[in-house]
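Please look at the sequence and the 3D structure that follow, and keep both in view as you read.

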Amino acid sequence: MSDLFDYLDWRGDLSFEAVPFGKIDALLLSQISYLRLYNLVPYDFKESEAVRLCELAKSFKGASDYDFRTDLGPGINEKTPELLERASQTERFKNVKACALREKIDEENAEQFAAITYILGKSAVVVFRGTDSSLVGWKEDCNIACLEEIPSQRDALLYCEAVFSSLKTDFILCGHSKGGNLAINSAVKCGAKSQKKISAIYNFDGPGFSKAFYKTEGFLKIEARLTNVYPYGSIVGMIFYHPEKYEIIKSNGVGAGQHDPFTWQIKGNTFIQRAEFSKESKFFYTSLNNWIERMSTEEKQAFVNSVFEVIEASDYKSLNEIMNNLVPSSAKMIKKLSSMDKETREAIKNAIHNLHTCIKAEIPFLRVFER
């Protein structure tokens, strides 16, 4: 099985002049963006102040809080720090310059946002980070179903405005998971003038949008430059509606583990293709989106707020902390759920019942668990 490390072995000695930037390069930089790089990458968009990847890898490994920076929590592969180090040692990536790092956690407004720009010759790659292990990040993901625009989408647009006005290059936008959603949304809504500066957009298993979104003038103008990649057992990418044009690729992961880019199978400078999504992925796509459509905006927002009110009662800020303290956090969450008023508990129960109904309608074999 060949992965991102094998890609570095195969293509690492070739410059971007010899082999142009492609989707595997975009995935690799998207994965590296999950690392905590604050104070190591400059805030400004000035190329003169940008740090080369070979220098960044050294300062990252030598950081006094290295253990904290690499404790990324469940869902982010522990090999990610090694990916940065290995990439920084290749001819292809060592002189890539990193700048304009933004990292933001806003608990009050339920926002988790991060972005970074990489400069390689005449192109700049804008990478939006996907969801990390913070509860804020997961709540914001759920709010995609409730809000016309989540805070990260607003900040991603502002970030693009800043980078487009600061660098005189063409631009590539990309991201994994929520980062892919931010890349698409920014490309669609940045305006006709800015759209002309974008040469490519890469979405790696990111949650989608409404059906109406894909009919907008902004989306139709960038559609030909958009590459959507999903593992054949995709779960996250099946949340809301995905674009009509996409690649389905092979993964050696199991279930939701296929969301991890390190499980995606690569051959040369492309992914190994699959003909169609798995049966489970198709059923999830239909049943979940049917469930979302059955609820009003108010019902969806109430459900999300209630569920996270219970989770936040654990007094921890991330999934990693909850998993490491499962017994005390579970006790606090159960106590919180029990203390909620009857109306709130009924709202949660009804939403879960509706989801169960939608799942049964699409996946008959799950009825066996009712026996």
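Contact, a word used throughout this text, means that heavy atoms lie within 4.5 Å. The structure is a predicted model, in which local features need pLDDT of at least 70 and side-chain atom pairs count only at pLDDT 80 or more, while totals for chains, interfaces and linings use all residues. Residues are numbered from 1 along each chain as its sequence is written, and side-chain values use heavy atoms, with hydrogens and water left out.

We can begin with the chain as a whole. Its secondary structure comes to 15 helices and 10 strands, where helices (H or I, at least four residues) and strands (E, at least two) are DSSP runs numbered from the N terminus. Of the 371 residues in the chain, 54% are buried; here buried means under 20% relative accessible area, exposed means over 50%, and partly exposed lies in between, with a 1.4 Å probe and protein chains only. If we take the contacts between residues at least 6 apart in sequence, 72% of them join residues at least 24 apart.

Which residues does Leu173 meet, once its neighbours within four places in sequence are left aside? Leu173 is in contact with Val126, Phe128, Cys160, Phe164, Ala183, Ser186, Ala187, Ile198, Ala200, Ile201 and Tyr202. Leu173 itself has its place in strand 5, which covers residues 170-176, and because its relative accessibility is 0%, it counts as buried. Leu173 and Leu226 are 53 residues apart in sequence, yet from C-alpha to C-alpha they are 9.4 Å apart in space.

Helix 7 (residues 151-166) and helix 8 (residues 178-189) pack at an angle of about 55 degrees, with their axes 9 Å apart; the axes are lines fitted to C-alpha atoms, for helices over the stretch in contact, and angles run from 0 to 180 degrees between N-to-C directions. Helix 7 and helix 8 are therefore oblique to each other, since angles under 35 degrees count as roughly parallel, over 145 as roughly antiparallel, 65 to 115 as roughly perpendicular, and the rest as oblique. The crossing of helix 7 and helix 8 is right-handed; a crossing has this name if the near helix is turned clockwise from the far one by less than a right angle, and is left-handed if it is turned anticlockwise.

How many disulfides does a search of the whole structure find? The search finds zero disulfides, a disulfide being a pair of cysteine sulfur atoms within 2.5 Å. Cys190 is in no disulfide, and the nearest cysteine sulfur, that of Cys160, is 6.5 Å away. Cys190 counts as buried because its relative accessibility is 17%, and Cys174 counts as buried at 0%.

Turning to the other helix pairs, helix 1 (residues 4-11) and helix 2 (residues 23-32) pack at an angle of about 125 degrees, with their axes 11 Å apart, and they are therefore oblique to each other. Leu4, Tyr7 and Leu8 of helix 1 make this contact with Ile24, Asp25, Leu27 and Leu28 of helix 2, and the residues divide into six nonpolar, no polar and one charged. Asp25 is buried, because its relative accessibility is 1%; not counting residues up to four places away in sequence, Asp25 touches Tyr7, Phe16, Pro20, Arg92 and Phe93.

Helix 1 also packs with helix 5 (residues 80-88), at an angle of about 0 degrees and with axes 10 Å apart, so helix 1 and helix 5 are roughly parallel to each other. Their contact is made by Leu4, Phe5, Leu8 and Asp9 of helix 1 and by Glu82, Leu83, Arg86 and Ala87 of helix 5.

Methods:
Nonpolar A, V, L, I, M, F, W, Y, C, P; charged D, E, K, R; others polar.
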